[in-house]
There are 2 protein chains.
Amino acid sequence: MRIVRSPRAMQRLSLQWKREGKVTALVPTMGALHAGHRALLRAARRRADKVVASLFVNPAQFGPSEDLAKYPRSFAADCALCRAEGADVVFAPDAAQMYPPGSSTWVIEEALSKPLCGAQRPGHFRGVCTVVAKLFMLCQPALAFFGMKDAQQALVIARMVRDLNMPVRIVACPTVRERDGLALSSRNAYLGAAERRHAPLIREAIAGAARRLGRGEGAAQVQRRLHAALAMIPGARVDYAAIVDADTLSPPSPRRTGGALLIAVAVFLGAARLIDNERVAYR
Amino acid sequence: MRIVRSPRAMQRLSLQWKREGKVTALVPTMGALHAGHRALLRAARRRADKVVASLFVNPAQFGPSEDLAKYPRSFAADCALCRAEGADVVFAPDAAQMYPPGSSTWVIEEALSKPLCGAQRPGHFRGVCTVVAKLFMLCQPALAFFGMKDAQQALVIARMVRDLNMPVRIVACPTVRERDGLALSSRNAYLGAAERRHAPLIREAIAGAARRLGRGEGAAQVQRRLHAALAMIPGARVDYAAIVDADTLSPPSPRRTGGALLIAVAVFLGAARLIDNERVAYR
């Protein structure tokens, strides 16, 4: 496995693979890898000739008061995990090379980026779209793998790829969870012991909302109960708790047939902002 | 020469060429081709294995009160010119395929896009960057050719390519002129006979400003005289007349050594908005 630091060197290699007819898969990450990333790497390994894992804590997707400085970093362990999962390259550029002085170009998505995390974290998806577009140009993947824990991110990126005609297939993989239901996230490292004990209640609240929707309760009422259930978790502050159309992220359409709803939440638990979600078929 | 209408078919072809190790050149145009485009096609033909000319009147780069509906169209003649210049493909998608319903992703450049045409035509460079990014994804060029008449456009696109790490080399080719000095433009077709007679005075005013700068006159004074000279052209309305740093498009730096100034103008002459420019070395 090669560790590539230079964007130019990464692009030279990926273009060379393309000329050789190789299919490249990209697993874009911010490092601090866990079993969720491992599942993405395994899925990538099954479907591509070359697997690139990018490790880059992207400053452009953090707000000024967010956790950029303290975001967990574990480069050696991340490389070991990538090697164990058969990655061909770890691409780990530094921020100064990714955003040289005078950088002034952004990729923005203006519909799916608006609600949920987009409403709470202005500029977040602009940073995500821009860095993913850059990683796609540098790594030239035919396939790129994202986790469904970040459901809105996967939708936004799929829309960007469609709208900009990028020759990349987006593969969204199921959320990987701890045994008690907590969705894996690098930010779980921020949880204190008591917070960690309470964190699975987020998943339980979502599961409860899913059952209510399944029984035919109205989305507005289920959303109110979901919010109340989350607010009762000790130490929790609800950032949002929403039930939306799973394709458009707009308010659910009562007349919709087919498709799905998305139950999506973001909750601060101590220093950690945790997100989770579940899709439920319209009934 | 093939005429390709479908974005999907264009991308399939360009990716196939890439796998075969072919170097593709793209000449992006809005059709209504003239000798300026011909020069771009010839430059492309000399440097690439495959030459694609795109013909697409991009609605996203026109403002609501601009000339989208009446922009000149001459598809058969354009194809004949491309064939004569050895293009391999004319890519001529329709707007509904390029911007399907629900398109919500844009590429924006926020520095070089601000002054000059960017100040007068809000959203113009957003439309340009977005369509050029899409054309690059669809045509997979290693080289793309732009005319220096649109000097700001060439700079904005070069910045986009740098910032988004697109594996494309931007080649800017000299402005082609009529014998009387008028820069070739598809929009010259809008000029009435009298306007056409007066149009070369734009070029003369710029040349006068270049001589003054060469003699060491201050940029601010030269800019005022340039504006006055343009305003005296019968039937003209000056949109802007500016002397800026040729790399940053910011006000000229008195302490700058090396580099160049750009004399850039936009003038309405009847129904035509004409632009022209000249680079002059700092002295």
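Here are some notes on this predicted model, a pair of chains called A and B.

1. **How the two copies relate.** Let's begin with the overall arrangement.

2. **The surface between the chains.** Chain A brings 27 residues to the contact, and chain B brings 27 residues as well. On the chain A side, helix 1 (7-19), strand 5 (105-109), helix 6 (124-139) and helix 7 each supply at least two residues. By residue type, the side of chain A that touches chain B divides into 14 nonpolar, six polar and seven charged. The copies meet through the same surface, because 100% of the interface residues of chain A are also interface residues in chain B.

3. Strand 5 of chain A pairs with strand 5 (residues 105-109) of chain B in the antiparallel sense, over five bridges. Within this pairing, Trp106(A) has Ile108(B) as its bridge partner in strand 5 of chain B. As background, the strands of a sheet pair through backbone hydrogen bonds, and they may do so in a parallel or an antiparallel way. Is strand 5 of chain B enclosed or open? Four of its five residues are buried, so strand 5 of chain B is largely enclosed by the rest of the structure.

4. **The sheet within chain A.** Chain A holds an open sheet of six strands in the order 1-4-3-2-6-7, with parallel pairing. Strand 1 (2-4) and strand 7 (169-173) of chain A are the edge strands, and each pairs on one side only. On average, neighbouring strands of this sheet are turned by 25° against each other, direction ignored. For one pairing inside the sheet, take strand 2 (residues 24-29) and strand 6 (residues 143-147) of chain A, which run in the parallel sense and share two bridges. There, Leu26(A) stands opposite Ala144(A) in strand 6 of chain A.

5. **A helix over the chain A sheet.** Helix 6 of chain A lies across strand 2, strand 3 (50-55), strand 4 (89-91) and strand 6 of chain A. With strand 2 of chain A, helix 6 makes an angle of about 145°.

6. Strand 2 (residues 24-29) and strand 3 (residues 50-55) of chain B pair in the parallel sense over six bridges, and Thr29(B) stands opposite Leu55(B) in strand 3 of chain B.

7. **Two domains in chain A.** Chain A is divided into domain 1 (2-173) and domain 2 (186-276). Their C-alpha centres lie 26 Å apart. The contact between the domains takes 13 residues from domain 1 of chain A and twelve residues from domain 2 of chain A. Which elements give two or more residues to the domain 1 side? They are helix 5 (117-120) and helix 7 (151-163) of chain A, and helix 7 gives the most, with three residues. The domain 1 side divides into nine nonpolar residues, three polar and one charged.

8. **A closer look at Glu195(B).** Glu195(B) is found in helix 8 (residues 193-198) of chain B. Is this residue buried, partly exposed or exposed? Glu195(B) counts as partly exposed, because it has 19 C-beta neighbours inside 10 Å, whereas a buried residue needs 20 or more. Leaving aside neighbours within four places in sequence, Glu195(B) is in contact with Gly235(B), Leu269(B), Gly270(B) and Ala272(B). Glu195(B) and Gly235(B) are 40 residues apart along the chain, and their C-alpha atoms are separated by 7.3 Å.

Conventions:
Residues numbered from 1 in each chain as written. Chains lettered and ligands numbered in written order. Predicted model: local features only at pLDDT ≥ 70, side-chain atom pairs only at ≥ 80, totals over all residues. Pairing = 2+ DSSP bridges. Contact = placed C-beta atoms within 7 Å. Domains from an automatic or database assignment. Nonpolar A, V, L, I, M, F, W, Y, C, P; charged D, E, K, R; others polar. Buried ≥ 20, exposed ≤ 12 C-beta atoms within 10 Å, placed from the backbone. Axes fitted to C-alpha atoms, helices over the stretch in contact; angles between N-to-C directions.
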